[in-house]
Amino acid sequence: MKPLYDERLRRLRASTSAKKLDAFLVTDLKNIRYLTGFTGSNAYAVVSFDRAFFLTDPRYASQSADEVKGFRIRIFKKAVDEVVRAAQAVKAGVIGFESSSMSFDTHARLAKAFKGKARLKATAGLLKTLRSVKDPFEIEKITEAARLLDRGFTRAMKVAVAGAVEMDAAFSIESFWRRRGAEGLAFDTIIASGSRGALPHGKASEKKIKKGELIVVDMGVLLNGYNSDGTRTFVTGKPTAKQKEVYQVVREAQSAAIESIRPGVMASAVDRAARSVIGKAGYGKYFGHGTGHGVGLDIHEAPGLSPMSEDVLEEGMVVTVEPGIYIPGWGGVRIEDMVLVTKNGAKLLTSTTRDLVSL
Ligand code: ZN
Ligand code: ZN
């Protein structure tokens with residue numbers, strides 16, 4: 001399967017013309033990868049209704065010739081000069097730019113260069129919205145990254161055991177992934193055992209895993225540009241009644257959230273489905289974060305599944321569902337899966353068992 005760059009460009013043009021922009025300047029590198037296929041670290045794109053320019057520096061001359069599809073490639077000495085040239089070539093009067101990714105310095109230099117010729121207009125979230133709905137190529141790549149994540153959990157069950165140091169277990173999983181083609185990690189691997197599990201983002205530490213502890217393992221792998229993200233909570237030895245109870249509440253919260261997912265549902269309603277299960281069980285104050293987030297080229301992207309989110313779920317979105325309970329001094333439980341929003345509801349992309357596994 002190949003990425004549908006023409007279709008992505010068409011959708012971008014539809015939204016820039018709806019915003020009455022003559023051209024759109026793309027500076028976010030993930031957005032540039034999404035639109036052009038370019039994987040390097042320095043590039044700009046200028047898109048008008050009938051033309052599309054890709055701008056990069058001489059280091060990427062041959063790489064961009066290989067990777068970039070559907071854009072005229074321009075190699076620059078000074079990026080600002082080339083952006084101005086591209087904007088003038090399409091006779092742009094109003095040029096939208098990405099306010100979340102352009103530096104203050106670049107904006108100042110561009111504004112000076114455009115003075116009297118064109119106007120820069122800040123836009124937020126345009127490509128973020130487009131990217132929130134994945135095309136078939138992306139779903140395939142994300143599914144592959146999720147599969148490799150599952151294999152990492154199988155590995156975790158062997159190495160995150162009593163007597164092991166959290167960091168050693170993390171390294172073992174990471175090297176397992178690397179040998180199987182991973183480009184890197186989606187984020188620093190979280191292995192938080194015992195009371196450290198109460199830290200929702202407890203990166204693997206020098207701590208030794210002990211018997212009778214819950215271990216929160218939250219990790220993700222980057223494969224072919226796409227991220228995966230999932231969490232399992234294991235227990236070393238036989239779980240206590242309280243460990244079982246808290247686990248069960250989180251599991252039911254996650255199931256309720258997953259079952260509530262379908263196109264047209266508010267993302268905040270999915271959050272509420274999980275939150276109400278945890279609240280009714282009396283653990284509401286121990287669930288401080290949102291229930292999930294979109295995943296794709298970025299590890300955290302739209303939509304956001306949180307109480308304040310105004311996003312609405314659409315077919316083709318890929319989101320995590322990750323409720324948790326974190327009790328200071330005691331530990332934590334989180335269960336996180338990736339799901340694809342389909343017309344029939346949520347389809348799980350991760351398949352590791354959600355039963356409490358004793359290691
Ligand atoms: Zn996670
Ligand atoms: Zn996550």
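Donors are N, O and S atoms within 2.8 Å of the metal (3.2 Å for Na, K and Ca), and water is not among the atoms, so sites may look incomplete.

**Entry 1: ground rules.** I am working from a predicted model, in which local features need pLDDT of at least 70, side-chain atom pairs count only at pLDDT 80 or more, and totals for chains, interfaces and linings use all residues. Residues are numbered from 1 along each chain as its sequence is written, chains are lettered from A and ligands numbered from 1 in the order in which they are written, and side-chain values use heavy atoms, with hydrogens and water left out.

**Entry 2: zinc ion (ligand 1).** I looked up the protein donors of this ion and found Asp218 (OD), Asp218 (OD), Asp229 (OD) and Glu336 (OE), at 2.1 to 2.5 Å. The angles among the four donor atoms run from 55 to 149°, and the site is irregular. Four donors count as tetrahedral if all angles lie between 85 and 135 degrees; four count as square planar and six as octahedral if opposite donors are over 155 degrees apart and all others between 65 and 115; anything else is irregular. The spacing of the donor residues in sequence is D-x10-D-x106-E. Asp218 sits in strand 9 (residues 214–219) and Glu336 in the loop between strand 17 (331–334) and strand 18 (337–342), so this pair ties together parts 118 residues apart in sequence. Helices (H or I, at least four residues) and strands (E, at least two) are DSSP runs, numbered from the N terminus.

I then checked burial, where buried means under 20% relative accessible area, exposed over 50% and partly exposed in between (1.4 Å probe, protein chains only). Asp218 is buried at 3%, and Glu336 is buried at 0%.

**Entry 3: zinc ion (ligand 2).** Here I list Asp229 (OD), His293 (NE2), Glu322 (OE) and Glu336 (OE) as the protein donors, 2.1 to 2.2 Å from the ion. This arrangement is irregular because the four donor atoms subtend angles of 78 to 152°. Which residue bridges the zinc ion (ligand 2) and the zinc ion (ligand 1)? I find that Asp229 does, and the two ions lie 3.1 Å apart. Asp229 and Glu322 are both buried.

**Entry 4: two helices.** I turned to helix 7 (residues 136–159) and helix 8 (residues 166–179), which pack at about 145° with axes 9 Å apart. Axes are lines fitted to C-alpha atoms, for helices over the stretch in contact, and angles run from 0 to 180 degrees between N-to-C directions. Contact means heavy atoms within 4.5 Å.

**Entry 5: Lys211.** I found Lys211 in the loop between strand 8 (190–193) and strand 9. Lys211 is exposed, at 66% relative accessibility. Leaving out residues up to four places away in sequence, Lys211 touches Ala162, Thr236 and Gly237.

**Entry 6: backbone.** Most residues other than glycine have a negative phi, and most peptide bonds are trans. I noted a cis peptide bond between Ala302 and Pro303, with omega about 0°. Pro303 is in strand 14 (residues 301–305). Lys91 has a positive phi, near 55°, and is exposed at 73% relative accessible area. Asn224 also has a positive phi, near 50°, but is partly exposed, at 37%.
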